[in-house]
Amino acid sequence: MENNDNENMKCLRCGEEMVTANLLMYPASQPVVQRTRKGLLSAPVQSGTQCLVCIKCGYIELRATQPHKLKFRTE
Ligand SMILES: [Zn+2]
């Protein structure tokens, strides 16, 4: 997954440059973040995620790849 929005992301803990990595789970897939609301008119909204890892201290960060998709229409 290429996403240049995350270039030059610095580790929140130690300030080192972070690299993109695949967060593997079994069955293997990238996690999805989803928001739901009660009510028939509120379809769930969701976004894929991207995993960034600090190769110095090991800090791992997940970022939504399409954060704008996590807004409900009425928000
Ligand atoms: Zn770090």
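User: Among contacts in the protein between residues at least 6 apart in sequence, what share joins residues at least 24 apart?
Analyst: This is a predicted model. A contact here needs C-beta atoms within 7 Å. Among contacts between residues at least 6 apart in sequence, the share joining residues at least 24 apart is 51%.

User: Which pattern does the protein follow along the sequence?
Analyst: The secondary structure has four strands. Read along the sequence, the pattern is β-β-β-β.

User: In which sense do β1 and β3 pair, parallel or antiparallel?
Analyst: Strand β1 covers residues 18-21, and strand β3 covers residues 45-54. Met 18 stands opposite Cys 54 in β3. Four bridges join the two strands, and their sense is antiparallel.

User: Which residue in β3 is the bridge partner of Gln 34?
Analyst: β2 and β3 pair over four bridges in the antiparallel sense. Gln 34 has its bridge partner in β3, and that partner is Gln 46.

User: Which residue takes a positive phi in the hairpin of β3 and β4?
Analyst: β3 and β4 run antiparallel, joined by five bridges. One of the pairs is Cys 51 with Leu 62 in β4. Five residues lie between the strands of this hairpin. The residue with a positive phi, near 90 degrees, is Gly 58.

User: Which element has the highest mean pLDDT?
Analyst: The mean pLDDT of the protein is 87, and 89% of its residues reach 70 or more. Among the elements, strand β2 (residues 32-35) has the lowest mean, 93. The highest, 96, belongs to strand β4 (residues 60-64).

Notes. Residues are numbered from 1 along each chain as its sequence is written. This is a predicted model: local features need pLDDT of at least 70, side-chain atom pairs count only at pLDDT 80 or more; totals for chains, interfaces and linings use all residues. Two residues are in contact if their C-beta atoms, placed from the backbone, lie within 7 Å. pLDDT is the predictor's confidence in each residue, from 0 to 100. Two strands pair if DSSP finds at least two bridges between them.
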